[in-house]
Amino acid sequence: MRHACLAILLSCLASIVSALEIEDHRHFPGTGDRILKVISTADLEVFEPYLKAFQVSQSALSIDYTVVSSAELHRAIRGGAEFDLALSSAMDLQFQLANDGFAQSHRSEATAGLPDWARWRDLIFAFTAEPAVVVLSTKRFDGLGLPTTRQELLTLLREYPDRFEGAVGTYDVRDSGLGYLFATQEARSTDAYWRLSEVMGRLNPQLYCCSGQMIDDVATGELALAYNVLGSYAAERLARDSGGRVQILRMEDFSNVILRTAIIPATANETAGAGALIDMLARLGQREAPGSWPLPPLGQTGADNLGGFGPIRLGPALMVYLDPLNRRAFLTEWENAMEQH
Amino acid sequence: MTGTGSIGRRLTLLLAGVAALLSVLSWWMVTGLARQAAERTQDNVLAASVTTIAETLRSEQGEVRLELPYSAFSMLGAISEDRVFYLVATGDTVLTGYEDLPVPRELVPSTGRVVFDTGEYSGEEIRMATVTRLVLAGTQPVPVNVTVAQTRRGVASISAELSQLAAFLSVAFFLVAVSLSAFAARTSLKPLNEIAAAVSRRGPSDLRPLRRAAPTELAPLMTSLNRLMDRLGQSIRSAEDFIAEAAHRIRTPLATVRAQAEIALRSAKDEDQKQRLRQMIRAVDESSRSAGQLLDHATVIYRSDDLVRSPVILSDLVRQTVAGLEPTAAMKDIQLHVDAIPAEAEVDPVLMDNALRNVLDNAIKYSPPETVVRVSVSNADGEIRISVRDQGPGLGEGPADQLTQRFQRGNNTQGIVGSGLGLTIAKDVLEAHGGRLELETLNEKEGTCATLVLPSS
């Protein structure tokens, strides 16, 4: 059945026939002939432990792991690319795929154990809850108080424009599906978003496609702060090599929490293997202690969080900002705010 | 008796059938209503959503613009996990949404009113709400159709859940109704059972009409039952009357015949003739006695329907009766011994005398000459026992009960005058008084003991 073309598709329509823009790829050979093709937005270094753990129990299964951007993933699945499992942090795009009939249902004991807000119609399953954070360079903030709310951040940016000129980084929401999700949800939840965007826009901000690069640039001191970075990546990288040069802040006035979700595309062949991986991820998502896994479980930042900021709800409302008219309107406003030079 | 099934069971089954029918009907209705309610809820939410979107329609530089409000979709996600589709179009130009959504294209632009429709999309049944709004684009007002569609999984699951609940309640209702019907059937049949019990409790000769409160439906049955008993009683009474009359009429001429025969016997010289006259007198005696007993029996039957009870000192009654039979006993040189304690009872003296006389008469009759017949009165265990013991041949073989039936005689009574009514009379009298007649052959010495047992008052 031919489906409506929505936001992302419109922008990508020209390239629908072109090859996938692959960021990374690896093959994990198993002992048997079956291959589980996974398309994901999670970097290999983050997700490798999960795949290794999975292969311990399913040693016969080879895993073909492809890393793409969330928009690219969405485009690929909509285009009918043959993958057995799609993992993405852009929950709105994932939700739309499920809503529009590009996902197959999967039921098991593990998925039944997930809280209601972490699954929808047995089509889409959340396995991590990750907050949006601010990453800042301690060197560049030397002598300044650390902001805990957007208002404080605004004041700092206004008072020290020289320090932050060209040293503020955030997602380019036109390219990054996750960045667009963060921006739209924040704009909906707090009026400080647009004021912050205005102020950042005046400081000649650096725009990024991905969290990784932003954190690297903060670590080298090229950026004073990176706004709206996916918390788990930041935490994972910091633990490895910051040495105190980088600090992570979670805004106390409001902070988005996204759910990393999995769907089995309608075109999947290896549904049994995909289901088994989803079950493992769902069980890990329900674990109590963070453990040594690179990604946090659902519970830590889940709906019962005392901060009051539950994860963004999996529901049809996610599709509102994917509507081309809404997207165009939002991007126009965003560009007006961000690109003042 | 041929049975046509139990009324109670039939009534219970009938009521249970009605209850089952009602249960199924109510389940079906509740299920229908639940589905309707769920559908209406979905319609309302869809209408709210579509109206919210339509309200953002505006015109900017001659172009129709809109902004999907976040709430329009979040309200749809709030009630169920249903897939959502939407379409905003002016005529054939799609502004945004799923352009192949099967919206009824020939929609009448009735501005402001929400139109609902069902269809199929993406492999599932969907419910659509459409509203049309006129938006001024340039100089012309353009009708813009806003459609929001949702799959019906939530509706299905709510109605399935309620239907299951309704089914559960219907079954419970049915079970309660069945037990109530069983109870109702038993209760309404109770008077019938009571009447049956009252009739079967009655004595064999109790033909009094039934006087008890009965439901209207049972009144005809009671009336006919009473009428039947009345007719039965009448026919028995008239038969008894006839017998009494007949016996009476026979006894008088027999007495005359006997007197004449006695005279003839005295004046007769010829031994042969005397012998014949004696035989004649004996036959007359036998007939007279039978007639007397028939009369007694009729009296007993007649009076036992309506006993005339009065306090009687039984020892006195026994002595009187014994005294009355003294001459008969003397003819056979039989001694009558009375050993009585003073005992009083409420009895009909005429009938009691009759019974005792018949028993004593039997004892004297079957006793060999020069023997003793002992009569004793005792009072023990709430019973007054009047025993008559003789030294006769006993009861013979065969069940003793048979001897108390009319015209039944023992199998060792050949050569002795008797009608077979004596013990029947005694038994009837005692039963009319709530007592009984006991007959036994004594072991140590040959002889019979007949005991008249009465409940002591």
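# Strands, helices and a chain contact: worked exercises

In chain B, strand β3 (residues 84–90) runs antiparallel to β4(B), and four bridges join the two. Two strands pair if DSSP finds at least two bridges between them. Helices (H or I, at least four residues) and strands (E, at least two) are DSSP runs, numbered from the N terminus.

This is a predicted model, in which local features need pLDDT of at least 70, side-chain atom pairs count only at pLDDT 80 or more, and totals for chains, interfaces and linings use all residues. Residues are numbered from 1 along each chain as its sequence is written, while chains are lettered from A and ligands numbered from 1 in the order in which they are written.

**Exercise 1. Find the order of the five-stranded sheet in chain B and say which strands stand at its edges.**

Step 1. Now follow the neighbours. The order is β4-β3-β7-β6-β5 in chain B, an open sheet with antiparallel pairing.

Step 2. Look at the two ends. β4 and β5 (114–121) of chain B each have a single partner strand, so one side of each has no neighbour in the sheet.

Step 3. Angles here run from 0 to 180 degrees between N-to-C directions, and axes are lines fitted to C-alpha atoms, for helices over the stretch in contact.

**Exercise 2. Trace the partners of β12(B) and look into its hairpin with β11(B).**

Step 1. Strand β11 (residues 372–380) and strand β12 (residues 383–389) of chain B pair in the antiparallel sense over seven bridges. One pair to locate is B:Val377, whose bridge partner in β12(B) is B:Ile386.

Step 2. Between the strands of this hairpin lie two residues, and B:Asp381 takes a positive phi near 55°.

Step 3. β12(B) also runs antiparallel to strand β14 (residues 448–455) of chain B, with seven bridges joining them. Here B:Ile384 has B:Leu454 of β14(B) as its bridge partner.

**Exercise 3. Is β12(A) buried or exposed, and which strands pair with β12(A)?**

Step 1. Count the residues: nine of the nine in strand β12 (residues 257–265) of chain A are buried. A residue is buried if 20 or more other C-beta atoms lie within 10 Å of its own, exposed if 12 or fewer, and partly exposed in between, with C-beta atoms placed from the backbone.

Step 2. List the partners:
- Strand β4 (residues 85–88) of chain A is antiparallel to β12(A), joined by three bridges; A:Leu87 is paired with A:Ala262.
- Strand β5 (residues 103–104) of chain A pairs with β12(A) in the antiparallel sense over two bridges; A:Gln104 has A:Ile264 as its bridge partner.
- Strand β7 (residues 124–137) of chain A is antiparallel to β12(A), with seven bridges; A:Phe125 stands opposite A:Ala262.

**Exercise 4. At roughly what angle do α9(A) and α13(A) cross, and which residues make the contact?**

Step 1. The axes of helix α9 (residues 192–202) and helix α13 (residues 324–338) of chain A come within 7 Å and cross at roughly 45°.

Step 2. The two helices are therefore oblique to each other; angles under 35 degrees count as roughly parallel, over 145 as roughly antiparallel, 65 to 115 as roughly perpendicular and the rest as oblique.

Step 3. From α9(A) come A:Trp194, A:Ser197, A:Glu198, A:Met200 and A:Gly201, and from α13(A) come A:Trp334, A:Ala337 and A:Met338. Two residues are in contact if their C-beta atoms, placed from the backbone, lie within 7 Å.

Step 4. Sort them by class: five are nonpolar, two polar and one charged. Ala, Val, Leu, Ile, Met, Phe, Trp, Tyr, Cys and Pro count as nonpolar, Asp, Glu, Lys and Arg as charged, and the others, Gly among them, as polar.

**Exercise 5. How many residues does each chain bring to the contact between chains A and B, and which element of chain B gives the most?**

Step 1. Chain B brings 19 residues and chain A brings 20.

Step 2. In chain B, α2 (70–79) and β4 (93–97) each supply at least two residues of the side that touches chain A. α2(B) gives the most, with five residues.

Step 3. By class, this side of chain B has eight nonpolar, six polar and five charged residues.

Step 4. Check the scores: the model has ipTM 0.85 and pTM 0.69.
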